[in-house]
Amino acid sequence: MIKLFQRDIVVQAVLVIVVLLLLWGRALLAPVPMAAGDHPAVLYGLLCRWLQAAPRLAVVLAMLLVLAEGFMLNLLLANVNLVSQNSLLPTLLYIVAMSAGATTLTPVVLVNGIAIIGLHQLMLRGTLLTIPAEKICGATLMIGIASLFFQPAAILMLGYLLIASSYRLYNWKDWMLMLLGFAAPYALLLLVLYMTDGLAPWWSDTLASLQAILPPAGQTGLPATMASILLAVVMAWALIAVLSRISERPVVWQKNATTVILFTVGGIGMMLFCPLLPLPMPFLAIPFAFVTHRLFFAAAEHPASFGRRRKKHIWIFDLLLIAIIIAALLC
């Protein structure tokens with residue numbers, strides 16, 4: 001299968017659509033109504049009201065968003081040379097991670113779409129080793145908007161602070177732009193809530209939801225547990241593999257790769273507000289798509305990988321890719 005993602009782009013697109021339908025088929029046949037959950041946010045609450053009576057429409061919308069986000073991420077990573085220019089494997093891996101345990105349009109689907117837009121602001125292009133002021137504000141603005149769909153998404157700011165450190169954004173103006181970007185959507189929200197007498201209930205709900213950290217682990221069967229372990233192991237393996245060889249790349253590549261990887265920090269932080277079984281892989285979908293793609297393509301890019309050794313690696317990764325898709329089905 002890995003070889004297929006180095007060839008005809010049309011065949012790759014068909015495979016991506018087939019896997020998407022396979023992973024979401026159960027949800028399409030027996031759609032589950034949307035629910036606000038334990039961490040209500042204003043914008044997601046509005047979506048719930050509009051789509052709760054049409055659960056199948058919510059599933060279709062979720063599928064289309066996941067597909068579009070996968071293509072957006074793939075295009076972004078390819079444009080900065082982090083992944084292969086002619087491969088849709090990152091799209092497939094993103095879809096697999098986002099579809100693990102998916103049943104309907106959840107907040108993380110919307111959060112990740114907004115996070116990809118924020119990631120676009122943080123990517124370096126050319127030889128400049130930092131980002132301009134307007135992109136600092138734009139990146140944190142996206143985090144602020146994402147937290148209006150899922151309040152724990154504010155934890156993405158931790159990953160941003162690490163990225164800012166990597167880009168040496170220590171100036172007080174950089175900090176002010178960061179805070180202004182994050183606060184802008186909340187300023188508008190607070191004004192609307194104040195005018196509609198909804199400020200006090202919103203504040204109490206926000207405090208209650210943010211205190212609900214580390215909920216029960218969740219109840220799941222042995223297959224889903226084993227599938228979660230496999231996905232976690234693959235994520236850890238790919239992450240270590242990329243980090244161990246990142247110094248071999250140009251500085252701009254290193255910084256862009258580090259930026260994508262640091263989204264893992266925010267993803268793990270958001271996972272702490274959800275049951276950990278089955279593993280909520282959608283929170284790690286962005287870094288998972290990147291590092292796993294690099295893991296699968298490392299053997300093909302390494303000059304020592306040829307002949308029988310290369311064929312052996314490709315077979316191993318073919319089986320691993322199939323196992324990942326099956327694990328997403330079992331979650």
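Mentor: Gladly, and bear in mind that this is a predicted model. Leaving out residues up to four places away in sequence, His 293 touches Val 83, Ser 84, Ser 87, Leu 89, Pro 90, Leu 93 and Phe 288.

Trainee: Which helix does His 293 lie in, and is His 293 buried or exposed?

Mentor: His 293 is part of helix α13, which spans residues 285-301, and His 293 counts as buried because its relative accessible area is 0%, where the cut-off is under 20%.

Trainee: Which residues touch the most other members in the largest nonpolar core?

Mentor: That core has 105 residues, and those touching the most other members are Trp 24, Leu 82, Leu 89, Tyr 94, Tyr 160, Phe 290 and Phe 296. Its largest share, ten residues, is supplied by helix α3, residues 55-79. A further core of five residues lies apart from it, including Leu 148, Tyr 186, Leu 193 and Trp 202.

Trainee: And what is Tyr 94 in contact with?

Mentor: Setting aside neighbours within four places in sequence, Tyr 94 contacts Val 66, Glu 69, Gly 70, Leu 73, Asn 112, Ile 116, Ala 285, Ile 286 and Ala 289.

Trainee: Switching topic, at what angle do α7 and α8 cross?

Mentor: The axes of α7 (residues 156-166) and α8 (residues 172-195) cross at roughly 160° and come within 13 Å, so α7 is roughly antiparallel to α8. The crossing is right-handed.

Trainee: Which residues meet there?

Mentor: From α7, Met 157, Tyr 160 and Leu 161 meet Trp 175, Met 178 and Phe 182 of α8; by class, that contact has six nonpolar residues, with no polar and no charged ones.

Conventions. Residues are numbered from 1 along each chain as its sequence is written. This is a predicted model: local features need pLDDT of at least 70, side-chain atom pairs count only at pLDDT 80 or more; totals for chains, interfaces and linings use all residues. Side-chain values use heavy atoms; hydrogens and water are left out. Axes are lines fitted to C-alpha atoms, for helices over the stretch in contact, and angles run from 0 to 180 degrees between N-to-C directions. Helices (H or I, at least four residues) and strands (E, at least two) are DSSP runs, numbered from the N terminus. Angles under 35 degrees count as roughly parallel, over 145 as roughly antiparallel, 65 to 115 as roughly perpendicular and the rest as oblique. A crossing is left-handed if the near helix is turned anticlockwise from the far one by less than a right angle, and right-handed if clockwise. Contact means heavy atoms within 4.5 Å. Ala, Val, Leu, Ile, Met, Phe, Trp, Tyr, Cys and Pro count as nonpolar, Asp, Glu, Lys and Arg as charged, and the others, Gly among them, as polar. Buried means under 20% relative accessible area, exposed over 50%, partly exposed in between (1.4 Å probe, protein chains only). A nonpolar core is a set of buried Ala, Val, Leu, Ile, Met, Phe, Trp, Tyr and Cys residues joined through side-chain atoms within 4.5 Å.
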